Amino acid sequence: MDWDKLRIFHAVAEAGSLTHAGDSLHLSQSAVSRQIRALELQLSATLFHRHARGLILTEQGELLYEATRTMSKRLSNASARIRDSKDEALGELRVTTTMGFGSLWLAPRLGHLYEKYPELSIDLILKERVLDLPMREADVAIRMKEPSQADIIRRRLMEVNIRYYATQEYIDSHGLPKTVEEMQQHRLIAQRPNEVQVSAGRQFLGPYIEDEDQTVLYVNSYFGIMQSVINNLGIGALPSYLAVDFPNLVRVLPEEESQPIPVYLAYPEELRNSKRVNVFRDFVLEEIIEYRRRFEDI
């Protein structure tokens with residue numbers, strides 16, 4: 001079977017469009033169409049349903065796409081191993097984590113990594129969805145629960161809790177609630193219970209959100225909640241790791257917090273010897289040590 005045709009088929013299946021696939025392959029739409037048609041003739045099978053909104057894989061197309069996706073993964077793995085130097089950290093490293101942790105904790109610290117490895121390129125993928133590391137959707141993941149995928153190296157980094165925080169300016173203007181009942185006099189800023197979030201956070205917020213007397217501003221990310229809090233809109237339900245980088249936050253109801261939420265770093269077994277992965281892992285561990293030291297001083 002022609003490898004070039006398979007490569008073009010895979011690009012079309014990924015893009016769902018002849019035009020978009022052609023753009024990524026630097027080929028004209030007609031050239032892509034000819035190659036797909038030739039492959040269909042070779043296999044005596046229709047690979048795509050064609051309609052006005054794009055292309056959808058047929059059952060036969062799904063079977064072929066599964067094969068090309070596996071091939072693509074293996075080629076990517078081989079390429080990564082070839083590029084990896086035992087002495088230098090070069091090339092791209094795809095790191096995935098949650099929107100909150102990535103934007104509020106990890107991204108502000110990446111400068112320390114670039115100081116040591118300026119030629120390392122980080123693709124930071126902020127998604128609540130857990131990406132498939134064995135399928136190389138990402139190289140490294142930092143997640144708020146232990147990864148369950150097979151062939152994964154995992155390391156527990158720390159624990160965090162969801163707590164209530166406000167600015168001193170807000171407290172000076174509106175007062176500091178000292179009981180759960182007094183919280184009803186303040187606007188709570190939190191994620192909706194049905195948002196994608198850790199179960200410990202959802203369970204912690206439940207009793208407050210379900211209270212009919214509690215006014216709530218819903219924001220679907222911790223970054224948004226943090227922006228709302230620092231602009232004095234109310235009291236926010238935020239991860240405890242923010243207390244280190246935002247020391248001006250005042251903790252509200254100190255006895256109230258969620259169950260501990262574990263934070264894990266994970267990467268595929270096959271990348272165990274990757275220089276890029278190892279320097280990123282060591283960077284994160286160093287930052288965690290410094291974070292813990294500062295957290296204990298609060």
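1. **Basis.** This is a predicted model, in which local features need pLDDT of at least 70, side-chain atom pairs count only at pLDDT 80 or more, and totals for chains, interfaces and linings use all residues. Residues are numbered from 1 along each chain as its sequence is written, and side-chain values use heavy atoms, with hydrogens and water left out.

2. **First sheet.** An open sheet of five strands runs β4-β3-β5-β12-β6, with mixed pairing. Strands (E, at least two residues) and helices (H or I, at least four) are DSSP runs numbered from the N terminus. Two strands pair if DSSP finds at least two bridges between them. β4 (120-126) and β6 (152-160) are the edge strands, and each pairs on one side only. The twist averages 20° from one strand to the next. Angles here run from 0 to 180 degrees between N-to-C directions, and axes are lines fitted to C-alpha atoms, for helices over the stretch in contact.

3. β3 (residues 91-97) and β5 (residues 140-143) run parallel and are joined by three bridges. Opposite Thr96 stands Ala141 of β5. Helix α11 packs on this sheet and touches β3, β4, β5, β6 and β12 (261-268). Its direction makes about 15° with that of β6. Contact means heavy atoms within 4.5 Å.

4. **Main core.** The largest nonpolar core has 62 residues. Such a core is a set of buried Ala, Val, Leu, Ile, Met, Phe, Trp, Tyr and Cys residues joined through side-chain atoms within 4.5 Å. Buried means under 20% relative accessible area, exposed over 50%, and partly exposed in between, with a 1.4 Å probe and protein chains only. Leu106, Ile142, Leu157, Tyr164 and Phe280 have the most contacts inside the core. Helix α11 (residues 275-297) supplies the largest share, eight residues.

5. **Phe280.** Leaving out residues up to four places away in sequence, Phe280 touches Leu93, Val95, Leu106, Leu110, Leu113, Val140, Ile142 and Leu265. Leu106 and Ile142 are, like Phe280, among the residues with the most contacts in the core.

6. **Strand β7.** β7 (residues 162-167) pairs with β11 in the antiparallel sense over four bridges. It pairs with β10 in that sense too, again over four bridges. Tyr164 has Val252 as its bridge partner in β11 and stands opposite Ala237 in β10. Tyr165 is bridged to Arg251 of β11. Six of the six residues of β7 are buried. Ile162, Tyr164 and Ala166 lie on one side, and Arg163, Tyr165 and Thr167 on the other.

7. In α9, the buried residues include Tyr222, Ile225, Met226 and Val229. Just after α9, Asn232 takes a positive phi of about 65°.

8. **Val229.** Val229 counts as buried because its relative accessibility is 0%. Its contacts beyond four places in sequence include Tyr165, Ala166 and Thr167, as well as Ile189, Leu238 and Leu249. Arg187 is 42 residues away in sequence and 10 Å away in space, C-alpha to C-alpha.

9. **Helices α1 and α3.** Helix α1 (residues 3-15) packs against helix α3 (residues 29-43) at about 110°, with the axes 9 Å apart. That makes the two roughly perpendicular, a class that spans 65 to 115 degrees, with under 35 roughly parallel, over 145 roughly antiparallel and the rest oblique. From α1 the contact uses Lys5, Leu6, Ile8, Phe9 and Val12. From α3 it uses Val32, Gln35, Ile36, Ala38, Leu39 and Gln42.
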